Amino acid sequence: MTPKAATRAEAERLHAAFLTAGAVAVEADILLPAGTLLDLYGEDIRARAYVTADPLNGEMMLRPDFTVPVVQAHMSGGAEPARYAYMGEVFRRQEHLDGRAREYMQVGYEVFDRDATAADAEVFALFKGVLAGMDLRPATGDIGILMAAVRGLSTTERRKAALLRHIWRPQRFRALLDRFAGRAPMPPARAALLERLRSGSPEALIEAAGPLVGLRSPEDIAARAEALIEDAKAPAIAAPEAALLYDLLSLEAPAQAALAHLRGIAPLLPAIGPAVEAFAARLDALAARGIDVAALPFEASHGRTTLEYYDGFVFSFHGPKGMPPVASGGRYDALTAVLGAGRSIPAVGGIVRPGLVARLKGAI
Amino acid sequence: MLKIGVPSKGRLMEKCFDWFGARGVTMARTGNEREYSGAVDGIAGVELVLLSAGEIPRELAAGRVHLGVTGSDLVRDKLADWSAQVLDWAPMGFGHADLVIAVPAGWIDVDTLDDLDAAAAAFRAAHGHRLRIATKYHRLVREFLTANGVADYALVDSQGATEGTVKNLTAEAIADITSTGETLRANHLKILSDGLIHQSQAVLFLSRAAGWGAAEQAALAELAGRLGLAVPEV
């Protein structure tokens, strides 16, 4: 068999397994309107997807993943609860000559169900099942715990919003947290800016800078100037609380031990309580499906560098070093609200790369 | 035959000819003054190809010229993984320009990329669309903003008169090349204090994809000797 044929055969096996698990087969367009994807992911998606132009419909993108079209299809009139399976090519633009795949098959399974705990366990156990016997290393995480911890900080709403906005950019998140916690000194440029802003009313300072051009209005500018001055007055996040968040960011342990650790810090950071208990319930549900949660690896920061929509349970399965993850997935409740025009439903799912499975099985 | 691509007109061409001339390699345009043909004297086996500076990166990547003179900004912007495709053999010390991010001077609350990111978040919430940055340097600007954790912006293409896009309400900020900053100031814009993306200058690049036969390698060695440069491995 040629590599493509071996990949397709493996894809069909996985797809059939997902249908047997109760999914309905769905298809998605390959050419997607670029607007929705750009709105969701921002300019970064241009570096990761092929953009093309339709003479009448404007910018289009070659499908970079299935999640967005499948969620859109579901939100525009799917039954509830629903399970979907799909298979097909995705296209990823590459900026380096390192041999990474530009197009490859994905087989996916997505669950739209209000019982989040059961759905998380169902998806993970299903993926583990279809990949059984392959010596893959699982990885799991829970971005929901991190988000709950940020929301629970005793600091201004503005600082919390800034941290939440950058939760998928670990470096930037860390820089902001360091500043809000007083661990990093105020950059000299910011200190100088504050001094200038305190020297007069925003209106007078804008006036003195000459004619104001552009769409950003004097009100927009004054509002942020005031926010900066207000933020400078806000006290640093208290050291013990900040220490808990730093601890959480680097938490890596087998799931059962991680739960014990999180329960230990929950009384000090009560806001994470519900998220920790949801984690506990998920582990019970996983155990009930035969997953050894005493050995299952857990990292609180897992999944933070992927496309920014996972907001709860995240998982992946890894082969040999240097190979991309063989399977990955997670929960994306907020995405359904963004694409649902006012409606939302908890959703979780993932994809397998049949080409990598076929390679590991020696079929390629 | 070793082909060397140089800018076909203007100051960049003149400075390029001067640079080679000072090193004993005479380049000149030949024929009618409107005809794009040129010659190299004082060295055998080298052919001059006159090209638009903007097309030289592409010609280098395709291997249609062995050497090429163009701005380091253009190579970095137009070629993905540029250093795998070309070698920056010799910086030439002219054609200096800085690629910078500039915002309206009246943005008294914005001085750094950090401020730009926060302003972009607030702008998107207030105006319902991402903060637009006009530029023709899409790859360089996107990579720079991603590396610095700026979100909620959109790049809009501007191939010229970029400084005017803010006043014309087609962008909120710009990323463009400047040497003295005068055009920016005249259009009521200011440069972010950490908004320097790339310091560009004319560079003699070498194509890794070109056909490097014995004749081309011999010409390259000869040229390297004249220019006082080490012979690069091809």
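Two residues are in contact if their C-beta atoms, placed from the backbone, lie within 7 Å. Keep that rule in mind for the tour. This is a predicted model: local features need pLDDT of at least 70, side-chain atom pairs count only at pLDDT 80 or more, and totals for chains, interfaces and linings use all residues. Residues are numbered from 1 along each chain as its sequence is written, while chains are lettered from A and ligands numbered from 1 in the order in which they are written.

**Stop 1: chain B**

Select chain B. Of its contacts with a separation of 6 or more, 66% join residues 24 or more positions apart. Its C-alpha atoms fill a box of roughly 65 × 35 × 25 Å along the principal axes. Colour by secondary structure to find 8 helices and 12 strands. Helices (H or I, at least four residues) and strands (E, at least two) are DSSP runs, numbered from the N terminus.

Chain B has 234 residues, and 47% of them are buried. Buried means that 20 or more other C-beta atoms, placed from the backbone, lie within 10 Å of the residue's own.

**Stop 2: the two domains of chain B**

Colour 2–96 + 201–227 as domain 1 and 97–200 as domain 2. Domain bounds come from an automatic or database domain assignment. The C-alpha centres of these two domains of chain B lie 32 Å apart. Where they touch, 8 residues of domain 1 of chain B meet 9 residues of domain 2 of chain B. Which helix gives the most to the domain 1 side? Select α3 (residues 72–78) of chain B: it gives 4 residues. That side has no nonpolar, 5 polar and 3 charged residues. Here Ala, Val, Leu, Ile, Met, Phe, Trp, Tyr, Cys and Pro count as nonpolar, Asp, Glu, Lys and Arg as charged, and the others, Gly among them, as polar.

**Stop 3: chain A**

Now colour chain A as domain 1 (1–136 + 319–331 + 340–364), domain 2 (137–182 + 238–317) and domain 3 (185–235). The C-alpha centres of domains 1 and 2 of chain A lie 25 Å apart. Each of these two domains gives 20 residues to their contact. On the domain 1 side, select α4 (116–130), β11 (327–331) and β12 (347–352) of chain A, which each give two or more residues. α4(A) gives the most, with 8 residues.

**Stop 4: a nonpolar core**

A nonpolar core is a set of buried Ala, Val, Leu, Ile, Met, Phe, Trp, Tyr and Cys residues joined through C-beta atoms within 7 Å. The largest has 81 residues; Ile145(A), Ala149(A) and Val352(A) touch the most other members. Zoom in on Val352(A): among the residues that it touches are Leu14(A), Phe127(A) and Val357(A).

Terms used: Buried ≥ 20, exposed ≤ 12 C-beta atoms within 10 Å, placed from the backbone. Lists of a residue's contacts leave out its neighbours within four places in sequence.
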